[in-house]
Structure formats: C-alpha cells, structure tokens
Amino acid sequence: MKTIVHLSDLHFGRVDAALLDPLVQSVHEARPDVVVVSGDVTQRARTEQFRAAAAFLARLPSPRVVVPGNHDVPLYNVIGRFLRPLAGFRRYIEADARPRHVDPELAVLGVNTARSLVVKNGRINAEQVADLRASLAALAPEVVRVVVTHHPFDVSPGADDHDVVGRAAMAMAAFAECGVDVLLAGHLHVSHRADSGERHALAGYGALVISAGTATSTRKRGESNSFNVLRVSKARVEVQRYEWQAAEHRFAGLAREVFQRRGGGWESIYKY
C-alpha cells in the first residue's frame, strides 16, 4: 500500500506556531510516498505569508502535491485578484496550479478550484475535467487514482450544501468513467469521510471522499488541529486522523477507519 499524508488549510498568517515543529516531525514519521496539501496555504495571499508557507513546506518530505485555495487569491488587491490571482502561489509555492505525482502504483492529480469572482466558494470547469480525463486515461488499470481539490465534493451532514465545489455533478460523471478512487479536499476545517455515492448517485460507482481539518490554523471551527494519513490500494483504504494534543505537545493518531471496495463503491468495514 502507498502512504499519503494529507494536510489542509495551513493559513500562514494565522497559524499556531507551536504546532509547526511537531507537525513536521509527525509527517516525517509517517514516511509518506507523497504529501498532499489541499489549499489555503496562506491567510491573505500576502508575500510574507507565501514565504513563510514555502519555508514550512520545504521541511516536509517530497514529493509534494500542493493546490491553491480561495485564501491564496488576493482579497483586497483587486487588480491582483483579477489579473494575477495565483501570482504569489506560483512564485513561492508551486509554479503549476495543476501539480501531479505519478508512479507505477499511485497517481495524485491536483486541480485549482479557487476563482477570482467569488470570495469563498470554488468551481471546477469542463477544461479542467478534460485535462484530468486525458491524464487518467493514460494510466494502467492497477494505478490508484487520487484527485486533490481545495473545495470538497461532499460535506458533512448538516453542513451547507453550497460549500460543495461548483459543477461537481459534471466532474463526478467524468470521474466515474475514469475510475477515480479517492477525492481529497479541505476548505471547511472539518474532517469528513464518505462514499461519494451518498451525494452523487452514479450507478455502480463511488469514490472515497476525504476532507481534512486545518493542520495549523487558529481558526479550528470546533475541531482540534489535525491531518490525515492514508494508506491506499485499489481495494482498500485506511484513513487515520492525527490530532493535536496540547498537553503532550504532539500530534497523536486517533480516529481510524478502514474502507473496502464493494460493488464499485466504498464500504466502511472498521472504525475506532
């Protein structure tokens, strides 16, 4: 099985600095094959925030797949927001807003869902889906297919459905054709795991949708700072949430759930 460390919503400019060194240590201890960061690496897309985020990311294992979030687009710099929305992200974090990691067993494909015209919500478009389709079509059948966005394809029960990424249904239909296995996202600072078929009814298909909480931000929204460690194969995915333990000054592996492929979708077979 391949190991993915999934971080999200770092929000440099509003981080709890006490978490940074323990987080770096925990990520290295997980010995990931790839580190994923699903957006919002900064709080307000300012140069000093991108520099701080870049310095932190450089301390993590590579390869890394990092996508932008809505907070990585300037909010108050109107000219920059509309003419160069990802200039800071591209300069300091990742030159390609569609980062990729592909090896003989695992493909992790990043997509930018942040948009200049909206402050909070995000969207995936037909051009991006066509690009994903082409990349996925080139993969061998045994390769685990993972798509990373900032905005999620599913949200927890009771959450606002408007937080689901725009044009999700269009993208999910393509993912079903291409056999996407796992969808990773963030945005809401709340951990969530589910089969996509619970929201997107597509006959004989379900992707495992996984959202991470915020790893380092002080804006925790009722959940401790956390990140996910995934161990993935075509037939089985193990997800464990690592939560910050302030008294022990470390991240500890707590909630763990095991999913198995059943009938084209994913069934939770073990949870504690």
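Helices (H or I, at least four residues) and strands (E, at least two) are DSSP runs, numbered from the N terminus. The model is predicted, so local features need pLDDT of at least 70 and side-chain atom pairs count only at pLDDT 80 or more, while totals for chains, interfaces and linings use all residues. Residues are numbered from 1 along each chain as its sequence is written, and side-chain values use heavy atoms, with hydrogens and water left out.

**Exercise 1.** Locate Ser26 and determine whether Ser26 is buried or exposed.

*Solution.* Step 1: Ser26 belongs to helix H1, which spans residues 20-29. Step 2: buried means under 20% relative accessible area, exposed over 50%, and partly exposed in between (1.4 Å probe, protein chains only). Step 3: Ser26 counts as buried because its relative accessibility is 11%. Step 4: contact means heavy atoms within 4.5 Å; with neighbours within four places in sequence left aside, Ser26 is in contact with Phe227 and Phe251.

**Exercise 2.** Characterise the setting of Leu19.

*Solution.* Step 1: Leu19 is placed in the loop between E1 and H1. Step 2: its relative accessibility is 0%, so Leu19 counts as buried. Step 3: residues up to four places away in sequence not being counted, Leu19 touches Ala215, Thr216, Asn225, Trp244 and Phe251.

**Exercise 3.** Describe how the buried residues of helix H6 are arranged.

*Solution.* Step 1: within H6 (residues 168-178), the buried residues are Ala168, Ala171, Met172, Ala174, Phe175 and Cys178. Step 2: these residues lie on the same side of H6 because they cover an arc of only 160 degrees around the axis, the arc being that of the directions from the helix axis to the C-beta atoms. Step 3: Ala169 and Glu177 are exposed on the other side of H6. Step 4: the packing partners of the buried residues of H6 are helix H5 (126-137), strand E6 (144-148) and strand E7 (182-185). Step 5: Gly179, with a positive phi near 70 degrees, follows H6.

**Exercise 4.** Identify the residues with the most contacts inside the largest nonpolar core.

*Solution.* Step 1: a nonpolar core is a set of buried Ala, Val, Leu, Ile, Met, Phe, Trp, Tyr and Cys residues joined through side-chain atoms within 4.5 Å. Step 2: the largest such core has 33 residues, and Leu7, Leu10, Val41, Phe56 and Ile93 have the most contacts inside it. Step 3: apart from this core lies another, of 27 residues, including Leu109, Met172, Phe175 and Ala194.
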